[in-house]
Amino acid sequence: MTLIDVRDLARTFVVRKRSGRLGRTRTEVEAVRDLTFDIDAGEMVGYIGPNGAGKSTTIKMLTGILVPTSGHLRVSGLEPSTQRTDLARRIGVVFGQRTTLWWDLPLRDSFELLQKIYRVDPVRHRRNLQEYVELLDLGDLLDTPVRQLSLGQRMRGDITAALLHDPEILYLDEPTIGLDVVSKGRLREFLRTLNAERGTTLMLTTHDLQDIEALCDRVIVIDHGTAVFDGPLADLHRRGGSRRTLVVDLVDEAPPIEVPGASTRRVEGPRQWLSFPAGASAAPIVSAVAAAYAVADLSIQEPDIEDVIRDIYAGA
Amino acid sequence: MAEVTAAVRGACQEYVWIAAMWVRSALAYPWSFWILVVGSALITLLDFVGLGLMFHTIPHLGGFGLREVALLYGASGIGIGVADLVIGSVEQVGLHVRTGTLDAMLTRPVPLLVQVCADRFAVRRLGRISQALVVFAYGAGSVDWTLAKVGLALVMVVSACLIFFSFFVAFSCIQFWTVDSTEFANAFTYGGNTMTQYPMTIFPREVLKGLTFLIPVAFVNWYPCLFLLGRPDPFGLPGWFAFVSPVVAGLTLTVAGLAWTSGVRHYTSTGS
């Protein structure tokens with residue numbers, strides 16, 4: 001069943017720029033153009049692209065915050081811009097960089113208010129709250145004022161807040177930004193459970209490709225306002241030939257390392273950068289390097305979104 | 001009709017729920033809460049003390065005595081006090097646009113106006129209303145009360161609230177176009193309030209005309225109070241002006257409603 005239906009969606013903004021001493025020129029910027037995709041109920045989709053590519057403009061149109069300039073858009077059978085309040089009851093939105101919780105009040109109070117304004121049946125609310133509190137380990141924090149929570153705790157609170165009314169779709173905007181590795185892992189685990197057990201459709205924007213790897217069967221890449229890729233992450237890697245980087249700190253300076261499966265891109269004193277395909281395992285390369293050289297330290301750099309997109313163009 | 005009633009009732013409930021959250025938030029800092037309550041009561045009290053001092057040296061202001069001016073001052077004060085208490089936060093709409101909180105509000109199933117007005121609801125604004133009530137009670141001593149006059153006084157106060165309501169909303173809407181226009185809006189809301197604290201007779205005729213037909217604050221208190229005080233209109237305007245405040249309130253509310261919807265439409269169609 002198609003839950004989000006986007007056809008030839010476009011959104012232009014008028015930008016006024018100062019020109020000369022008094023004059024102002026009016027230019028139209030196409031933030032989103034010719035955007036077409038649909039998302040079925042129960043999918044987990046990563047929506048990625050460089051800054052300014054049109055990600056948040058798209059999410060704003062999907063949630064009814066922005067009216068599209070042209071094109072067809074239906075979410076859960078509703079037209080977001082004209083049926084915004086009806087749609088609000090069926091979706092949950094989490095903004096990673098700011099909270100919608102009441103800063104000075106205990107977490108519990110924010111949840112109670114949401115139960116009232118979403119008019120959630122009290123019995124169902126209690127059941128949901130209990131479940132999410134357990135899954136997200138919020139039990140001890142319910143009576144803590146939000147301002148005293150850590151970033152990770154607050155994010156878990158915000159996600160609970162977005163889910164208490166049983167939304168069909170959950171939009172997450174950079175949900176793991178600023179979180180430590182452990183918190184990121186737990187959050188991803190929770191989102192997988194949510195999708196598997198409740199069938200909640202997830203759409204997330206992120207700069208962290210590991211979020212996508214851990215969660216999304218499907219990736220939509222947007223650049224300059226339009227979808228440049230739509231498919232599984234593995235295809236994206238294959239198509240772009242995107243590469244990971246192994247950073248090796250040797251004990252002493254050495255000529256470029258030569259191991260099978262990787263090529264040395266850069267040498268700077270005792271530090272060397274080895275690149276290898278993103279789809280391949282790092283393990284054999286690491287052991288080959290460690291066996292042949294005296295290694296002080298190792299780290300792996302994931303390709304970032306900008307690299308992946310550059311690779312798409314390079315491969316195309 | 002039943003649908004509209006249900007929607008209005010729902011909106012009022014939601015308003016109260018959200019406002020209650022802010023009251024509880026404020027009580028998380030009890031000291032600063034009480035300091036603000038006392039402070040705002042003192043400031044508004046000093047305002048009237050100043051007026052009283054003025055009468056100490058000049059017994060009449062534009063032909064009106066202290067008690068009569070108190071009646072005008074109190075009526076207008078109650079109006080703007082209630083409006084400020086209930087929806088004064090609408091002034092912050094530009095801030096919500098700038099910081100992006102408006103987007104979060106747009107994803108909630110509660111009318112945007114309700115959310116913006118209930119935001120940062122502050123009980124301390126009650127200080128201003130209680131001060132205005134005291135001044136109004138003092139001024140009421142200058143009226144020969146009849147049942148009709150009591151009725152008109154009630155209508156006047158309610159209309160005054162609604163007219164100031166409309167001003168707050170309508171002028172705040174400008175912020176959808178130019179984000180930093182709070183000061184401009186204040187010129188009409190608090191400025192309008194300041195002008196209605198005095199008898200209109202101290203202003204030239206043109207100003208009165210402006211305050212009647214353009215920015216109709218004279219209907220907040222001036223025309224009804226003339227009737228309450230049993231005075232003929234010093235500018236010779238029709239006596240029935242005393243009774244049309246509710247009509248004027250209806251008109252200003254309509255304009256405010258239109259301004260709000262077009263402001264929101266502008267926001268959702270430009271995203272800024």
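Q: Why is A:Arg26 called exposed?
A: The relative accessible area of A:Arg26 is 55%. Exposed means over 50%, buried under 20% and partly exposed in between, with a 1.4 Å probe and protein chains only, so A:Arg26 counts as exposed. A:Arg26 lies in strand E2 of chain A; strands are DSSP runs of E with at least two residues, helices are runs of H or I with at least four, and both are numbered from the N terminus.

Q: What kind of model is this, and how are residues and chains labelled?
A: The model is predicted: local features need pLDDT of at least 70, side-chain atom pairs count only at pLDDT 80 or more, and totals for chains, interfaces and linings use all residues. Residues are numbered from 1 along each chain as its sequence is written, chains are lettered from A and ligands numbered from 1 in the order in which they are written, and side-chain values use heavy atoms, with hydrogens and water left out.

Q: What makes the positive surface patch?
A: A:Arg16, A:Arg18, A:Arg24 and A:Arg26 form this patch. Lys and Arg count as positive and Asp and Glu as negative, while His and the chain ends are not counted. Patch residues have over 30% relative accessible area and no salt bridge, and like charges are joined within 9 Å. Strand E1 (2–18) and strand E2 (24–40) of chain A each supply at least two residues of the positive patch.

Q: Which residues form the negative surface patch, and what is known of A:Asp34?
A: The negative patch is formed by A:Asp8, A:Glu28, A:Glu30 and A:Asp34. E2(A) gives the most to it, with three residues. A:Asp34 is placed in strand E2 of chain A and is exposed, with a relative accessible area of 55%.

Q: How do you know that A:Asp230 and A:Arg218 form a salt bridge?
A: The closest N and O atoms of the pair are 2.8 Å apart. A salt bridge is a side-chain nitrogen of Lys or Arg within 4 Å of a carboxyl oxygen of Asp or Glu. A:Asp230 lies in strand E9 (residues 226–231) of chain A and A:Arg218 in strand E8 (residues 218–223), so the pair ties together parts that are 12 residues apart in sequence. A:Arg218 counts as buried at 13% relative accessibility, whereas A:Asp230, at 39%, is partly exposed.

Q: What links A:Asp249 to A:Arg271?
A: A salt bridge joins A:Asp249 and A:Arg271, with the closest N and O atoms 2.7 Å apart. The pair connects distant parts of the chain, strand E10 and strand E12 (residues 271–277), 22 residues apart. A:Asp249 is buried at 18% relative accessible area, and A:Arg271 is partly exposed at 36%.

Q: Why is A:Thr245 called buried, and which residues does A:Thr245 touch?
A: A relative accessible area of 17% makes A:Thr245 buried. A:Thr245 sits in strand E10 (residues 243–250) of chain A. Leaving out residues up to four places away in sequence, A:Thr245 touches A:Trp273, A:Leu274, A:Ser275, A:Phe276, A:Ser299, A:Ile300 and A:Gln301; contact means heavy atoms within 4.5 Å.

Q: Where does A:Pro106 lie, and why is A:Pro106 called partly exposed?
A: A:Pro106 is in the loop between strand E5 (91–95) and helix H3 (107–117) of chain A. Its relative accessible area is 22%, so A:Pro106 is partly exposed. A:Pro106 and A:Pro145 are 39 residues apart in sequence and 3.9 Å apart in space, C-alpha to C-alpha.

Conventions: Patch = residues over 30% accessible without salt bridge, like charges linked within 9 Å, V, L, I, M, F, W, Y side chains within 5 Å. Areas by Shrake-Rupley, 256 points an atom, 1.4 Å probe, with all protein chains shown as cover. Charge placed at Lys NZ, Arg CZ, Asp CG, Glu CD.
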